[in-house]
Amino acid sequence: MAGQIAARLADLALTLPSPMAPMANYVPFVQSGALLIVSGQVPAVDGRITVTGKLGAGVSVEQGQAAARQCLLNVLAQAQAACGGDLDRIARVLRLGGFIAATADFAQHALVMNGASDLAVALFGDAGRHARSTIGVASLPGDAAVEVEAMFELR
Amino acid sequence: MAGQIAARLADLALTLPSPMAPMANYVPFVQSGALLIVSGQVPAVDGRITVTGKLGAGVSVEQGQAAARQCLLNVLAQAQAACGGDLDRIARVLRLGGFIAATADFAQHALVMNGASDLAVALFGDAGRHARSTIGVASLPGDAAVEVEAMFELR
Amino acid sequence: MAGQIAARLADLALTLPSPMAPMANYVPFVQSGALLIVSGQVPAVDGRITVTGKLGAGVSVEQGQAAARQCLLNVLAQAQAACGGDLDRIARVLRLGGFIAATADFAQHALVMNGASDLAVALFGDAGRHARSTIGVASLPGDAAVEVEAMFELR
């Protein structure tokens, strides 16, 4: 692991976690042609979800952003495993799906999801600029505050 | 219909329903290259949704699992139609999206969605191991308790 | 802009808006091979969201349909930009994802989303018949009542 993206992670003093095992009977990623699909990731560290609860009811925008950022780190840990350790094989971040556990009157989902999007652009530059859909959901597995799924194009 | 997957369905004493007509102005599946996209399916049998309501408010995890399983059977009925009757043309289950109608404090979405995922693996083996995103939603069309969408790779 | 789809837009007395800038650090569309992915669009006109609130709590089905239709116009504005101005490069509307901000007891999501689906078919004919998943969400960015994302196949 000594590629460009690995170097940018080091520059940002970030370390990818060990890829988390799925919570259930599925796999963390599949590849079809050049398309890499990564399963929805929650903000877990060492198997424990670090930000639980709802935006708009106790979880602040800043906490939500940190959660979204951790979700993306977990997505990248899975992508790295899919790429045999070499994140430079990612040609493009195609799409991020952001699921924000939120109350009915919460409206700042976009700001929360920027925690993931900003990190994608910081790491991958223009190749990190992705399509995105962000929605507020009723609840998430394990009471996670945020879940992020991803599609990448590999080279 | 006498392929391997058809035989496993028979082994499990399962019958695929007639593919359900969409609730509205869209189609149940589209194909683009090797990619087959199946529209979100609710747990309907003979045109009637069998499990309605919310997880965390009256619908048990077991009922939710049965609903998720029925959703996947409906997905497979659509996939079978897309494949001209031959489910052996499915090279891989790429991704399942699981939408669980749930209360804000429900947290066992992953267990519910296993009703679909376990069946995919039981039928397709390793080719049934899929990427997955599962979220808890406020409500679903027709008050369905679960909705499942899918992407397949065809051969 | 003088193609077939542009002509049908004119026939329907519809004008595509200027493509809206993303609310945050991402891009409105990405292309990978023949696949065009458009980010979730809210029912904004001139940068202001025109239909806010929840289906089942003050927003009528008719208002929701108008919102879904506006979301699709905004999706098409992005697709037009992706196609260098020529919507005739769209070979197929592959999939629409419909996110309806709704109460727990709302059940007519499919009717609401028809506001988008019916317009797709009116504009693109058979090539506009798409796979679709529609769900009811807790809340959406900027309190939008509806959000629509899309995948197209380009020629």
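Q: In which sense, left-handed or right-handed, does α2(B) pass α3(B)?
A: In this predicted model, where local features need pLDDT of at least 70, side-chain atom pairs count only at pLDDT 80 or more, and totals for chains, interfaces and linings use all residues, α2(B) passes α3(B) in a right-handed crossing. A crossing is called left-handed if the near helix is turned anticlockwise from the far one by less than a right angle, and right-handed if clockwise. Residues are numbered from 1 along each chain as its sequence is written, while chains are lettered from A and ligands numbered from 1 in the order in which they are written.

Q: What makes α2(B) oblique to α3(B)?
A: The axes of helix α2 (residues 61-82) of chain B and α3(B) come within 7 Å and cross at roughly 40 degrees, the axes being lines fitted to C-alpha atoms, for helices over the stretch in contact, with angles that run from 0 to 180 degrees between N-to-C directions. Angles under 35 degrees count as roughly parallel, over 145 as roughly antiparallel, 65 to 115 as roughly perpendicular and the rest as oblique. That value therefore makes α2(B) oblique to α3(B).

Q: Which classes of residue make up the contact of α2(B) with α3(B)?
A: Among the residues that meet are V61(B), A68(B) and L72(B) in α2(B) and L111(B), M113(B) and L119(B) in α3(B), where two residues are in contact if their C-beta atoms, placed from the backbone, lie within 7 Å. By class the contact has 12 nonpolar, 4 polar and 1 charged residues; Ala, Val, Leu, Ile, Met, Phe, Trp, Tyr, Cys and Pro count as nonpolar, Asp, Glu, Lys and Arg as charged, and the others, Gly among them, as polar.

Q: Why is chain A called as compact as a globular protein of its length?
A: Chain A has 3 helices and 9 strands, helices (H or I, at least four residues) and strands (E, at least two) being DSSP runs numbered from the N terminus. The radius of gyration of chain A is 15 Å, close to the 15 Å that the globule rule gives for 155 residues, so chain A is as compact as a globular protein of that length. This radius is taken over C-alpha atoms, and the rule is 2.2 Å times the number of residues to the power 0.38. Along its principal axes, the C-alpha trace of chain A spans about 40 × 35 × 25 Å.

Q: What is the relation between chain B and chain A called, and how do you know?
A: A rotation of 120 degrees with 0.0 Å of shift along its axis superposes chain B on chain A, with an RMSD of 0.0 Å, and that is the relation of a three-fold axis. The copies are superposed by least squares on the C-alpha atoms of residues with pLDDT of at least 70 in both.

Q: How do you know that chains B and A meet through different surfaces?
A: Only 7% of the interface residues of chain B are also interface residues in chain A, so the copies meet through different surfaces. The contact takes 28 residues from chain B and 24 residues from chain A. On the side of chain B that touches chain A, α3(B) gives the most, with 8 residues, and the residues there divide into 13 nonpolar, 8 polar and 7 charged.

Q: Which element gives the most to the side of chain B that touches chain C?
A: Here 24 residues of chain B are in contact with 28 residues of chain C, and β2(B) gives the most to this side of chain B, with 4 residues. The residues of this side divide into 13 nonpolar, 7 polar and 4 charged.
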